[in-house]
Amino acid sequence: SWSAIFVFLSRVMFSTLRSLRVDLRRLAGSCTIIAGGTAVALTMAEFSPVEASGATLHAPQYPWGHNGHLAMLDHSSMRRGFQVYKEVCSACHSLNFIAYRNLVGNTHTEDEAKALAEEVQVRDGPDDKGEYFMRTGKLADYFPRPFANEEAARASNGGALPPDLSLIIKARHGREDYLFSLLTGYCEPPAGIKLREGLHYNPYFSGQAIGMAPPLYDEQIEFEDGTPATVSQMAKDVATFLTWAAEPEHDDRKRMGMKAIVILSLTAAGMWYYKRMRFTLLKSRVIKYQKP
């Protein structure tokens with residue numbers, strides 16, 4: 001019997017060593033393939049051309065006051081940002097998804113929003129005669145577009161189409177950090193870089209060549225509350241306003257989230273106490289076996 005056990009253990013050991021040898025050979029082959037592929041990739045990367053768009057700077061992270069879990073948007077900054085959009089940005093960029101009624105309670109009072117709407121003429125109709133007519137704007141109207149159509153917008157901007165700003169914060173990586181960096185990042189191109197006519201150098205824009213001229217400069221507008229209208233201040237305010245435009249539910253979402261956390265915490269505490277009270281008898285019960 002001992003000899004049979006010895007033979008069996010020997011066979012098991014030899015089969016294990018044989019399979020281990022095969023696994024080691026496979027592992028060595030896989031390592032060789034991986035090393036060869038890595039060498040080829042590094043060689044191709046070394047001799048591949050470098051694209052200018054790869055040098056685009058990433059926007060730094062700024063300490064925005066509304067980025068906290070319970071932080072709300074600065075409504076004074078939003079009001080100033082709307083003024084920047086109205087007096088500067090609206091000449092080229094639309095805000096298609098925002099109506100004048102959306103301003104009520106956020107940046108303006110109802111009377112102020114009505115006064116803003118009445119400053120524009122809106123094409124409406126048809127009337128009883130089937131004709132279109134112009135009327136004074138009202139709260140239900142959306143912000144007017146700066147151009148009648150896409151072709152007119154391109155013709156007025158050297159072939160470039162100014163994007164709509166309603167969701168621009170969500171549509172760009174970096175959100176408000178990117179927009180602030182873009183508005184304040186215009187500078188002279190480095191030595192050796194030549195831009196064609198009509199383009200401007202901005203390291204934060206993809207390709208570094210942007211068709212939009214620097215839109216902001218110091219003391220360009222006069223804020224109603226007396227805040228100095230520096231380039232960084234205007235860029236910060238319009239970024240805050242466009243953050244609200246992209247997420248009108250921003251403050252309500254955080255407020256509801258806080259209420260939900262409080263309610264769920266109290267519910268969890270009550271359920272824990274109820275469970276302890278109901279199950280204390282079951283958990284303290286001892287079952288003993290007694291012989292008959």
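**Helices and pockets**

Tutor: This is a predicted model. Helix H8, residues 250-283, contains 34 residues and spans 47 Å from its first C-alpha to its last, close to the 50 Å expected at 1.5 Å a residue.

Student: Where does H8 bend, and by how much?

Tutor: The bend is at Met277, and it amounts to about 30 degrees.

Student: Which residues of H8 are buried, and what do they pack against?

Tutor: His250, Asp251 and Lys254 are buried in H8. The buried residues of this helix pack against helix H2, residues 75-87.

Student: Let us change topic. How many residues of H6 are buried?

Tutor: Of the 10 residues of H6, 8 are buried, so the helix is largely enclosed by the rest of the structure. They are Glu176, Asp177, Tyr178, Leu179, Phe180, Ser181, Leu182 and Leu183.

Student: And what do those pack against?

Tutor: The buried residues of H6 pack against helix H5 (168-171), S4 and H7.

Student: Which element gives the largest share?

Tutor: H6 does, with 5 residues.

Student: How does that lining divide by class?

Tutor: The lining of the largest pocket has 26 nonpolar, 12 polar and 4 charged residues.

Student: What about the second largest pocket?

Tutor: The second largest pocket has a volume of about 220 Å³. Among the 15 residues that line it, Ser94, Asn96, Ala153, Leu161 and Pro162 are the closest to its centre. By class, this lining has 8 nonpolar, 4 polar and 3 charged residues.

Student: What does Asp237 touch?

Tutor: Not counting residues up to four places away in sequence, Asp237 touches Ser77, Arg80, Gly81 and Phe223.

Student: And how are Asp237 and Arg79 placed?

Tutor: Asp237 and Arg79 are 158 residues apart along the chain, and their C-alpha atoms are separated by 8.0 Å.

Note on methods
Residues are numbered from 1 along each chain as its sequence is written. This is a predicted model: local features need pLDDT of at least 70, side-chain atom pairs count only at pLDDT 80 or more; totals for chains, interfaces and linings use all residues. Side-chain values use heavy atoms; hydrogens and water are left out. Helices (H or I, at least four residues) and strands (E, at least two) are DSSP runs, numbered from the N terminus. Ala, Val, Leu, Ile, Met, Phe, Trp, Tyr, Cys and Pro count as nonpolar, Asp, Glu, Lys and Arg as charged, and the others, Gly among them, as polar. On a 1 Å grid over the protein atoms alone, a cavity is a set of points where a 1.4 Å probe fits but cannot get out, and a pocket is an open set with protein on both sides within 12 Å along at least five of seven lines; lining residues have an atom within 4 Å of a point. Grid points are joined across faces, edges and corners, and a volume is the space filled by probe spheres set on the points. The expected span of a helix is 1.5 Å times one less than its number of residues. The bend at a residue is the angle between axes fitted to the seven residues ending there and the seven starting there. Buried means under 20% relative accessible area, exposed over 50%, partly exposed in between (1.4 Å probe, protein chains only). Contact means heavy atoms within 4.5 Å.
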